[in-house]
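Morning, everyone. I have one structure to walk through today. Please have a look at it first.

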Amino acid sequence: MPGIWMRITELFRGARLDGELDEEVNLHLQMMEEDFRRRGMSAAEAKAAARREFGGVTHAKEAYRDQRGFPWIESFAKDIRYAMRGLRRSPGFTAAAVLSLALGIGANTAIFSLFHTLMLRMLPVAHPEQLVSIYRTGGWGSGTVSLPLYREIAGRMDLFGGAVATNGVNKVRFTPRPGDRGEYTQREYVSGNYFQVLGIQPAIGRLFNAGDNRVPGGHPLAVLSYDLWRNHFGADPAVLGGTVLVDEQPLMVIGVAAPGFRGVVPERPTEVWVPFMMSHGQVTSPNMWWLQIMARMRPEVPRQRVRAALDVLMQQHLKAIYGETHDTGFRERAMGQRLEIRAGSVGLSMLREHFGKPLSVLLALVALVLLAACTNVANLLLARGAARQKEIALRLSLGATRARLVRQALAETLLIAAAGSAAGIGLAAWGVRAISGFLPEEAGNPFSSAPDLAVLAFTIVISLGSALLFGLGPALRSTSVNPAAGLRSGAVDRAGRPALRRALVVTQVAFSVVLVALAGLFGHSLLAMRSVDLGFRNQSVIAFSLELPRLWKGDFHQAEDQLMNMLAATPGIYSVSCAFPGLFSNGSSSSSIRVPGSERTATEAADIDLAYVAPRYFETIGAALKGRDFDRTDTANAPQVAVVNEAFVREFLPGEAHPESRWLSFDDSKPEGGERTSIVGVVRDIRQNGIQEKVAPRVYVPVAQHHDLTWPPDILVRTVSPPAAVQAAVRRELPHIGSGIAVTDLATIRQRIDNSIFETRLLATLGGFFGVLALLLAAVGLYGVMSYGMAKRAGEIGIRMALGARRADVVGMVLGDALLLVAAGLILGFPLAWAAARAVHSLLFGIDAVDPLAFGGTGGVLIAVALGAAFFPARRAASIDPMRALRHE
Amino acid sequence: MVTYSFWMSTRETKTDILQGTLDLMVLRTLATMGPQHGFGLAQRIQRISGGALDLNQGTLYPALLRLEHRGWIRSRWGVSGNNRRAKFYEITAAGRRQVEKESAEWARTVEIMDRFVRLAETE
């Protein structure tokens, strides 16, 4: 294409080409003149005739230039330059507009990047759209299946194109080379067909196949992620065949997965894959529910058929295992389990399970914030357009077309949008860090992956979208000027009708109402959660657990006792105890019991929650106890004792005045029980795992009398020292107890509680932040409209004051006007806020969707903001000197 | 289709240039007469039309640029008959193909219009 190249070169040779054209045209005119003179004209006549024949010289040159290069680029560049000059002249306006947009766009980008990772981004595998997760519901826990069940499902090649199993991603100890300092890595136990079914190729070496996962403990192999290989081994191919220590297991590296593949859990990128047969514990047991399944659907098999086939498969499987169980309650619960088909193309995410909905709400909130920001900028632009009426009228009357003026106005909005999104991307980075701070460590890190093109595209699209949204209206409005009227002196004020601006302010107020009301609801909900009685007082107790080496042969009870004694002797520590399950640590333990004399266990045994605790446990956490706490006399040889909670008494011993006189038995074979366990105390209902938990009957037993724990209990320390000091003290003691023992999850109970309600805290905090933002934007809008209105009505106010109106009347008039706008906004906003509240109802705790406090507060706050924003314009109006105002008129 | 310019009624009536036909005139002229500078080209066009065309000679230059962008003609600076620097335009191979194509199209248009004009006569 010679034309394109020619046009491109023309872009840079404008001045020279202008010279050449002049030369060409002059020559043409000269030759014409000569021609006319040869035909007998005088010099002057020839010159005039040549001009006439040639037509308009300037016009021809202009037409020529318009064709040169890419005319639209040049005029666009000109518009941009013009807009830049204009914006530089009004820095206040520019800063306000760019800042509003930056906040809106930044909030959207931050939330969207999280939303994208958890909800939208397809796994980088072959045909992700075919993937589903097979999710177990009902019964105990959720999602996971046992190895025998997985094998039955994976064997159904008539239903699936392949099914892989994973146990999720866990942070474990990692030693890249023998003798290296221990580090941590993210390990995923997977089935042998994992890579094959997902369609992942090796970067080097080979990946697992079905033969690599047959015998428990028999396949010490590892596949590394590309990132780990690059970061830890400098992408050295010699890593193949070498040995790495993962979770104390020596594993041989056989391959590195293709770059970009980081496992199937979006918020936890896997670094090392290990065949799941290498997992410890009873991997082949039908009672160990530990594997998550991802399956590839066959496009030709209808989902309905798969679902029906899975129902049959599950029922037969459960019947084979639990069909003979005598405990009917247990059997019913077990047989009630189902397999569900869930979407799997985005991966398996625990975070998505309970954060998906709050995240969608946040996305809606930030969309509202962006709309409010756009409204604000539109309002600012209208004000600016009104102030430039004269200039625009002048340019129109000098022959500028309206299209051209609209283009120029849009260039200005485009510049604002560009600056706003650039600043917004910066704010988003900050916002993402702030949000990450709310996520508990076990939630993973959904932000760890590099900036995504989809997120960037989203930002650009919303920026352009908002530029059009806030720019087009004002651009059309401010250029619709009658040049003659616009130029008349004093007409400026009347030219920009303020009705549109007032409507925009009302809209802004309505947006604020929704955002502030939601902030109020989430805030109130958080308060309600915080004020729930958890049954224990000492939330500043520090808890941690010991992580024992995998091949630990010693008795962990002894080790823990030793550590607890050492800590108890440390100054500043009031009491030390331990418990399993720990508080807010998501552990669980249950047992089947009989309570002699109780109706409830007269015909069959009952399941209760069980907790193993050390002496002084209730004192350490600050739980009120009737009867006695466990002490050092409750040894293995002493009579069996138990403490029960109030829910236990309500269910098993209703109306019993002295539960301490009763006993229960862990021998559930007959109604009267076997070996006695005396109840020695009743403790208040303690919410063990969550604020919203419904407390079930629970039996506490001394850890010294029950040595069937497979996991060391959480250690609890009540102290005035900060967690870091306790951690240091524990670290000092650990070498005396045994080598290779590590401390994990050290935090105060309050931090654990915070982590357990991070969604609510995030919603309340971000909701509050967005609410304040919306209020600020509305205040700016109100202030702008009120001051503009006052400037316009200065003459009228002057007359009123001259006729005897007092200052208070003037102030009242202005404030009344502001209240009118807010009232309109409230009327518009409340139904919207109500609908929004209904939509987020399931996320609220302990309050109604129509919460009087939140809604009443919203109205109050907005009225206060309106009065605040209108106060300065009102005072200015009241200080108008009537004489001067009238003279000006 | 053909418009007359009545505002020049004191002079001999001339025909305005039909939209898009100037390109063909330029190309055809360059194809037969060889390289020309702007004035020469205007003169030739006027002469061939028998002085019946109302050519605003200034409009020639944007048209020349347009043809150059399309790759149908090319230009270079040279020396005119009386030793003055001038820009000469010549037709390219693509331009010649274009002339053939447009000439054929034009002939067809004329033929069609001709039938309509005669229709009125035979009725």
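This is a predicted model: local features need pLDDT of at least 70, side-chain atom pairs count only at pLDDT 80 or more; totals for chains, interfaces and linings use all residues.

I'll take the overall shape, then the chain contact, then one set of strands.

Start with chain A as a whole. Chain A has 28 helices and 21 strands. How does its radius of gyration compare with that of a compact globule? A compact globule of 889 residues would come out near 29 Å, but chain A has 38 Å. Along the principal axes, the C-alpha atoms fill a box of roughly 135 × 80 × 60 Å. As for burial, 41% of the 889 residues of chain A count as buried. Now contacts within chain A. Take those with a separation of 6 or more: 83% come from residues 24 or more positions apart.

Next, the contact between the chains. Chain A puts in 20 residues and chain B puts in 17. Which helices of chain A supply at least two residues each to that side? They are H1 (2–12), H2 (14–38), H3 (43–54) and H4 (57–67). H4(A) gives the most, with 6 residues. By class, the side of chain A that touches chain B splits into 10 nonpolar, 6 polar and 4 charged residues.

Last, strand E12 of chain A, residues 573–580.

Key:
Residues are numbered from 1 along each chain as its sequence is written. Chains are lettered from A and ligands numbered from 1 in the order in which they are written. Helices (H or I, at least four residues) and strands (E, at least two) are DSSP runs, numbered from the N terminus. The radius of gyration is taken over C-alpha atoms; the globule rule is 2.2 Å times the number of residues to the power 0.38. A residue is buried if 20 or more other C-beta atoms lie within 10 Å of its own, exposed if 12 or fewer, and partly exposed in between; C-beta atoms are placed from the backbone. Two residues are in contact if their C-beta atoms, placed from the backbone, lie within 7 Å. Ala, Val, Leu, Ile, Met, Phe, Trp, Tyr, Cys and Pro count as nonpolar, Asp, Glu, Lys and Arg as charged, and the others, Gly among them, as polar. Two strands pair if DSSP finds at least two bridges between them.
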